[in-house]
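Biologist: I would like to learn how to read a structure like this one. Could we go through it feature by feature?

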Amino acid sequence: MRPDPFMAALGLEVRHLAPGEAVVAGVVGESHLNLHGTAHGGFLYALADSAFALASNARGPAVALSCRMDYFRPATAGAWVEARAKEVNLSRRTATYRVEVVSEGKLVALFTGTVFRLGGDAFPGAGEGVPSGQNSGWEEEG
């Protein structure tokens, strides 16, 4: 699975993809910084939203109904950040996801989002997954 044009513009990459879950990652670049010299909230939101979109659309077409993001700690230039999306609720018409944004093993931000499921087939390549060696250490809980 390739990043969409917006993800590519931000330098983000898909590290893991399966129905209901995704990991998207990237490096905080100089162009991603805010006036305090740390990762701009919009960059971190875009990272989390990208994982949310991939995880939800891997089950079939879906559009966001609501999203929320809480920020806990800064990420600095050069930091590797990952957004780890997991489905927490799935119904016939909606699904809710929890996305943890982490850097250096620490929780940077928490995103939650709910989608309206449009029905139909998942996008091409969804469910094929990304080889496990490319999941950057993200592991299934269980």
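This is a predicted model: local features need pLDDT of at least 70, side-chain atom pairs count only at pLDDT 80 or more; totals for chains, interfaces and linings use all residues.

Biologist: Which residue forms a salt bridge with Arg-84?

Modeller: In general, side chains of opposite charge can pair when their charged atoms come close. Here the partner of Arg-84 is Glu-82, with the closest N and O atoms 3.0 Å apart.

Biologist: Is Glu-82 buried or exposed?

Modeller: Glu-82 has 2% relative accessibility, so it counts as buried. The cut-off for buried is under 20% relative accessible area.

Biologist: How many salt bridges does the count come to?

Modeller: The count is 5 salt bridges. Among them is the pair Asp-70 and Arg-68, whose closest N and O atoms are 2.8 Å apart. Asp-70 is partly exposed, at 26% relative accessible area. Another joins the side chains of Glu-87 and Arg-59, at 2.8 Å from N to O. This pair links distant parts of the chain, 28 residues apart: Glu-87 belongs to strand 4, and Arg-59 to the loop between helix 2 and strand 3. Glu-87 is partly exposed at 22% relative accessible area, and Arg-59 is partly exposed at 33%.

Biologist: Now the sheet. In what order do the strands lie?

Modeller: Strands of a sheet pair through backbone hydrogen bonds, either parallel or antiparallel. In this model 6 strands form an open sheet in the order 1-2-4-5-6-3, and the pairing is antiparallel. Strand 1 (13-18) and strand 3 (62-71) are the edge strands, each pairing on one side only. From one strand to the next, the twist averages 15 degrees.

Biologist: How do I read the pairing of strand 4 and strand 5?

Modeller: Look for bridges, and for the link between the strands. Strand 4 and strand 5 are antiparallel over 8 bridges, and a hairpin of 3 residues joins them.

Biologist: Over how many bridges do strand 5 and strand 6 pair?

Modeller: They pair over 10 bridges, again in the antiparallel sense. Tyr-97 stands opposite Gly-113 in strand 6. The hairpin of strand 5 and strand 6 has 2 residues between the strands, and Glu-104 there takes a positive phi near 55 degrees.

Biologist: Where does helix 2 lie?

Modeller: Helix 2 (residues 41-57) lies across strands 1, 2, 3, 4, 5 and 6, and runs at about 140 degrees to strand 3.

How values were computed:
Residues are numbered from 1 along each chain as its sequence is written. Side-chain values use heavy atoms; hydrogens and water are left out. Two strands pair if DSSP finds at least two bridges between them. Helices (H or I, at least four residues) and strands (E, at least two) are DSSP runs, numbered from the N terminus. Axes are lines fitted to C-alpha atoms, for helices over the stretch in contact, and angles run from 0 to 180 degrees between N-to-C directions. Contact means heavy atoms within 4.5 Å. A salt bridge is a side-chain nitrogen of Lys or Arg within 4 Å of a carboxyl oxygen of Asp or Glu. Buried means under 20% relative accessible area, exposed over 50%, partly exposed in between (1.4 Å probe, protein chains only).
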